[in-house]
Amino acid sequence: PLGILSRWRLRDARLTGQGVEALMSKLPPHTEMLDLSHNDIGLKGLSAMANCFQKKLLPQLRWLDLSMNGLRDLAIAPLTASLLFCPLLIRLELNHNHIEEGQVLGELLAQHPRL
């Protein structure tokens, strides 16, 4: 039942941006963990995530794993800004992506209350 699930482990589920967009519209607000590592979420998926976070639809999110998604600097900037609306977030995993500029991540760390 959707009302009970709070941890979503969707690692290597072949999710694309369209799949992430659909998923984000259905996640319950008590979601604590979202593992989307080893997928291909792209800009469309990241935009859907950022939109969801900015609307404060996942206030209980504590752990987000976006490792091995081929993410680049341009995709990370809007995401990091939206993560400020997830005040309980304590773990963000972005390893094995193509992030070269760490400035936006540094700004997130400086502003986020728990990271």
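The following legends describe close-up views of a predicted model.

Local features are reported only at pLDDT of at least 70 and side-chain atom pairs only at pLDDT 80 or more, while totals for chains, interfaces and linings use all residues. Residues are numbered from 1 along each chain as its sequence is written, and side-chain values use heavy atoms, with hydrogens and water left out.

**View 1. The largest nonpolar core comprises 27 residues.** A nonpolar core is a set of buried Ala, Val, Leu, Ile, Met, Phe, Trp, Tyr and Cys residues joined through side-chain atoms within 4.5 Å. Buried denotes under 20% relative accessible area, exposed over 50%, and partly exposed the range in between (1.4 Å probe, protein chains only). The residues with the most contacts inside this core are Met24, Leu34, Met49, Phe53, Leu64 and Leu66. Helices H1 (17–26), H2 (42–54) and H3 (73–82) each supply at least two of its residues, and the largest share, 5 residues, comes from H2. Helices (H or I, at least four residues) and strands (E, at least two) are DSSP runs, numbered from the N terminus.

**View 2. Surroundings of leucine 66.** Contact means heavy atoms within 4.5 Å. With neighbours within four places in sequence set aside, leucine 66 is in contact with Leu36, Ser37, Ile41, Leu46, Met49, Leu71, Leu79, Glu93, Leu94 and Asn97. Among these partners, Met49 also belongs to the residues with the most contacts inside the core.

**View 3. Histidine 112, in the segment after helix H4 (103–111).** Histidine 112 counts as buried because its relative accessibility is 5%. Apart from neighbours within four places in sequence, its contacts are Leu83, Leu84, Cys86, Pro87 and Leu89. The side chain of histidine 112 reaches the backbone nitrogen of arginine 114 at 3.1 Å and that of leucine 115 at 3.4 Å. Between histidine 112 and glutamine 54, 58 residues apart along the chain, the C-alpha separation is 14 Å.

**View 4. Arginine 14, in the loop between strand S1 (7–9) and H1.** Although arginine 14 is not a glycine, its phi is positive, at about 60°. This residue is exposed, because its relative accessible area is 76%.

**View 5. Histidine 38, in the loop between strand S2 (33–35) and H2.** Phi of histidine 38 is near 60°, a positive value in a residue other than glycine. With a relative accessible area of 25%, histidine 38 is partly exposed.

Notes:
Polar contact = N/O pair within 3.5 Å; in protein donor to acceptor, adjacent residues only side chain to side chain.
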